[in-house]
Amino acid sequence: MATPIKRIEKDFLLKALYDEQIPIMYLRDRTEYILILDKPAKSEMVFKADRPINRLKIRNKLDLMFDYRGQVIIFTVEVSSFKDTIIVVDAPDALYKNLDRSYSRINTPSELQLQLTFLGDRYSLSFPKVMEYEIESIGEFFRNMDPRNLSGLIEQMAGWIKGYANGYRLVIFKDVKPSTTEERIVAETGKTLYLASTLATFPHADPYPKKRLITEEMFKRYLESTGVDLAYVDDACIRFIKAKFDSGIFSDAWIPVLFQEYVIGYIHIWINKEGKLPFDYGVIDTLYQFAKVLAHSLKVNGYFEKGKLKNDPFEGKVIDISASGVLFAYPHSSLSSALIPDSELAVKLVTPKRNISANARIVRRYKDNSLGYFGCRFLDMAPEDMRFLFEYIYGKPFTDVDASFLTGQV
């Protein structure tokens, strides 16, 4: 992930740009321009380009990049004035390193078209939705289970739970809508509500790379969203946990059952008798896998079949593109709401000379009032297609020197 550079290092790099006359690359309309800082950087920066930049305008944003001793740095500036090859911009707010894209992105050539299709089945269901989810993967422990045997799976899960909990409940949001605080926050976040001990509090941090837990801060933000005054949030959180302890619950966990972007229900486990250890992360991990297998079993048994969508191709508006990924826009709709980070798409790039097919994974998304924007990373593009795409968008042959300069994995 791109990392903002701290102020002291930023000031050092801006000074080095002038002192060492480091070349700065700007890519536009398949043309590479080289800029040199003409004066020391202050509130403004004055660049001298190796040639006039085609169709440059005031307030244009320039995505710039330079290589400082093997580290690729990027930043964005806005043009305040220009004349011939002299360009004046406002100093950047931030510089970034440790880029997570492999090649610099440029504005898309006008004749390029992007066609996309979801990989795998898609559904329109009446369950609560979340904005992100993990791609399904079933642990080795569960691979020998028969997904068609739903009742057998539930029986096996119940038997396993008895070794760690005094009670459990499986709820599917089919005829029952989320109503309790626990149900609503699990349905809204798609994450696990976990209290190892009701004499303590929620986890302060989430140890999972793909975040799975409702932390103390998340729970307090949820309370605020329900109308609890900020001044009373801490007390409300304490009272919520104390009420569990007073009711005889010593350890508590609510694990969501997720199917794609839908929270279809949850598994609730609790300890209300002495003699059992509090739930640890190992218990949560196993139940998380049980929940995945359960959702997969429901799919295999046709539980979601009525909500299955026809998987037609759709066209995205390319905002910018690189040899390793593409940023596209699509209007807000039920389709765009399914374009969630980690979901995968079949991609077809249509150019006047050649069509390129590959798969891509959505790695980020954001939106404005009318459009959603989706940043994708190409997964398995054929080498000859990547070479063609590089030469098509950058307007020059692909060389080892270019690859070394443009790489973002630093």
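This is a predicted model: local features need pLDDT of at least 70, side-chain atom pairs count only at pLDDT 80 or more; totals for chains, interfaces and linings use all residues.
Visitor: Thanks! What box do the C-alpha atoms fill?

Guide: Taken along the principal axes, the box is roughly 80 × 50 × 35 Å.

Visitor: And what share of the residues is buried?

Guide: Of the 410 residues, 46% are buried. Buried stands for under 20% relative accessible area, exposed for over 50%, and partly exposed for anything in between (1.4 Å probe, protein chains only).

Visitor: I like charges. How far apart are the mean positions of the positive and negative ones?

Guide: They are 2 Å apart, for 55 positive and 54 negative charges. Lys and Arg count as positive and Asp and Glu as negative, leaving out His and the chain ends. Each charge is placed at NZ of Lys, CZ of Arg, CG of Asp or CD of Glu.

Visitor: Switching to helices: at what angle do H4 and H5 pack?

Guide: Helix H4 (residues 216–225) and helix H5 (residues 233–246) pack at about 110 degrees, and their axes are 10 Å apart. Axes are lines fitted to C-alpha atoms, for helices over the stretch in contact, and angles between N-to-C directions run from 0 to 180 degrees. H4 and H5 therefore count as roughly perpendicular. The classes are roughly parallel under 35 degrees, roughly antiparallel over 145, roughly perpendicular from 65 to 115, and oblique for the rest.

Visitor: Which residues meet there?

Guide: From H4 come Phe219, Lys220, Leu223 and Glu224, and from H5 Val233, Asp234, Ala236, Cys237 and Phe240. A contact needs heavy atoms within 4.5 Å.

Visitor: Is Lys220 buried or exposed?

Guide: Lys220 counts as buried because its relative accessibility is 17%. Setting aside neighbours within four places in sequence, Lys220 contacts Val233, Asp234 and Cys237.

Visitor: What about H3 and H4, where do their axes cross in degrees?

Guide: Helix H3 (residues 181–189) and H4 cross at roughly 105 degrees, their axes coming within 11 Å, so H3 and H4 are roughly perpendicular too. Thr181, Arg184, Ile185, Glu188 and Thr189 in H3 meet Met218, Phe219 and Tyr222 in H4.

Visitor: Then H2 and H6, parallel or antiparallel?

Guide: Helix H2 (residues 150–162) and helix H6 (residues 281–300) cross at roughly 170 degrees, with axes within 10 Å, so they are roughly antiparallel. The residues in contact include Leu153, Met157 and Trp160 of H2 and Leu287, Phe290 and Leu294 of H6.

Visitor: Backbone next! What is phi of Arg59?

Guide: About 75 degrees, a positive value although Arg59 is not a glycine. Most residues other than glycine have a negative phi. Arg59 sits in the loop between strand E4 (44–49) and strand E5 (61–68) and is exposed, with 60% relative accessible area.

Visitor: And phi of Asp342?

Guide: Near 85 degrees, also positive in a residue other than glycine. Asp342 is found in the loop between helix H7 (334–337) and strand E17 (344–350). Asp342 is buried, at 15% relative accessible area.

Technical notes:
Residues are numbered from 1 along each chain as its sequence is written. Side-chain values use heavy atoms; hydrogens and water are left out. Helices (H or I, at least four residues) and strands (E, at least two) are DSSP runs, numbered from the N terminus.
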